[in-house]
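Colleague: I am new to this structure and would like a close look at a single part of it. Please go slowly and connect that part to the rest.

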Amino acid sequence: MAKPFVNDRGFIKCPCRRCLNNASHQLEDLESHIFRNGFMFGYNQWIHHGEPATGNAGTTVAGPSGGIHERDEMFDVLDDIISEDADEDVVGGPSSNDQYDDLFAALRSELYPGVSSFSSLNFLVKLMHLKVLNKWTNKSFDELLKLLKLAFPKIDLVESHYEAKKLMTKMGLGYSSIHVCKNDCALFWKENSLKDTCPVCSESRWKLQSGKRSGKNVPHKVLRYFPVGPRLKWLFATSKTAKLMRWHSTGKSKDNDVMRHPVDGKSWQEFDKRHPQFAGDVRNVRLGLAADGFNPFGNMSLSYSMWPVVLTTYNLPP
């Protein structure tokens, strides 16, 4: 019955107890998932597999112990992210969804007994968002978690900011630490990742004491790289931000003498003329590079211990 409803890549939503119709697999993997994990509770009308929806059949999902709770908005977010990974999987290879076990556990778990409007994952994401917006320190975040657990002993929440950050990393919001040559010649990355000396100037990768490496390897410099791809996926993963990513096509200033966004400038219009194919799809992302302390020509007298290089998304409203 489900075969006619696979997508153009051969994937279909999986109704096992772990995936809960939020991850997609090929049909041959679907059977093994259901056999291994069991069929999800509450999925009585197969609205994702051919049966017509009646009433509110599509508004509930299985709860953590077989009960039903209202659909959490994080299901849609993870659906987009995991489905994207599934599309990139090699046919017949291992499922990439194994890395999301902790996320699904937090998504199926109620924040507090009897509270169905918030999953543990949804609450944690919103809490981390508040931390960033209000510039809370990691210590203050840890103290808040302790207070919440003290006031609500049955709350299902991580113990520390460190654990929260590990969970966010699985959602594509982490960063990679890449060692850098002392003289900025090269990155110890990819083919150079295992080398102990710079391939250009032969300088040691590690800080030395009396000409010898200390007990713990400490690199001279570290580049912290925040991958662009996963963050762009997140911008299109929710309906609100996905709509804002198309704002530049409809939010131009009606007053020709007022420039409130780069879309109102001549440079933007000139770019559209030169690249009509790119400009034709309003979902294409336009990025601007901002560098603070960046020294491309070596003619600055001041030294910097940190050089932030930031990509700004011009699609979004001011």
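Which residue forms a salt bridge with aspartate 272, and how far apart are the closest N and O atoms?

Modeller: The model is a predicted one. Aspartate 272 forms a salt bridge with arginine 286, and the closest N and O atoms of the two are 2.8 Å apart. This pair links distant parts of the chain: aspartate 272 belongs to helix α9, while arginine 286 sits in the loop between α10 (276–279) and β10 (287–291), 14 residues apart. The two partners fall into separate classes of accessibility. Arginine 286 has 10% relative accessibility, and because buried means under 20%, arginine 286 counts as buried. Aspartate 272, at 22% relative accessibility, counts as partly exposed, because that class lies between the 20% limit for buried and the 50% limit for exposed.

Glutamate 270 is partly exposed, with 37% relative accessibility. Arginine 274 reaches 62% relative accessibility and so counts as exposed, because the limit for that class is over 50%.

Another pair can be set beside these two. The side chains of glutamate 159 and lysine 149 meet in a salt bridge, at 3.7 Å from N to O. Glutamate 159 is partly exposed, with a relative accessible area of 49%.

Next, the cysteines. The structure holds zero disulfides. Cysteine 185 is in no disulfide, and the nearest cysteine sulfur, that of cysteine 201, is 3.7 Å away. Cysteine 185 is partly exposed, at 34% relative accessibility. Cysteine 14, at 0% relative accessibility, counts as buried.

Lysine 135 is not a glycine, yet has a positive phi of about 60 degrees. Its place is the loop between α4 (120–134) and α5 (138–151), and at 74% relative accessibility lysine 135 counts as exposed. Aspartate 184, also a residue other than glycine, has a positive phi near 60 degrees. Aspartate 184 lies in the loop between β5 (176–180) and β6 (187–188) and is partly exposed, with a relative accessible area of 43%.

For the setting of all this, the protein chain has 10 helices and 11 strands. Of its 318 residues, 32% are buried, and arginine 286 is one of the buried residues. Among contacts with a separation of 6 or more, 47% are between residues 24 or more positions apart. The accessible surface of the chain comes to about 20,300 Å², and carbon and sulfur atoms account for 55% of that surface.

Conventions. Residues numbered from 1 in each chain as written. Predicted model: local features only at pLDDT ≥ 70, side-chain atom pairs only at ≥ 80, totals over all residues. Heavy atoms only, no water. Helix = DSSP H or I, 4+ residues; strand = E, 2+ residues; numbered from the N terminus. Buried < 20%, exposed > 50% of the residue type's maximum accessible area, 1.4 Å probe, protein only. Contact = heavy atoms within 4.5 Å. Areas by Shrake-Rupley, 256 points an atom, 1.4 Å probe, with all protein chains shown as cover. Salt bridge = Lys/Arg side-chain N within 4 Å of Asp/Glu carboxyl O. Disulfide = S-S within 2.5 Å.
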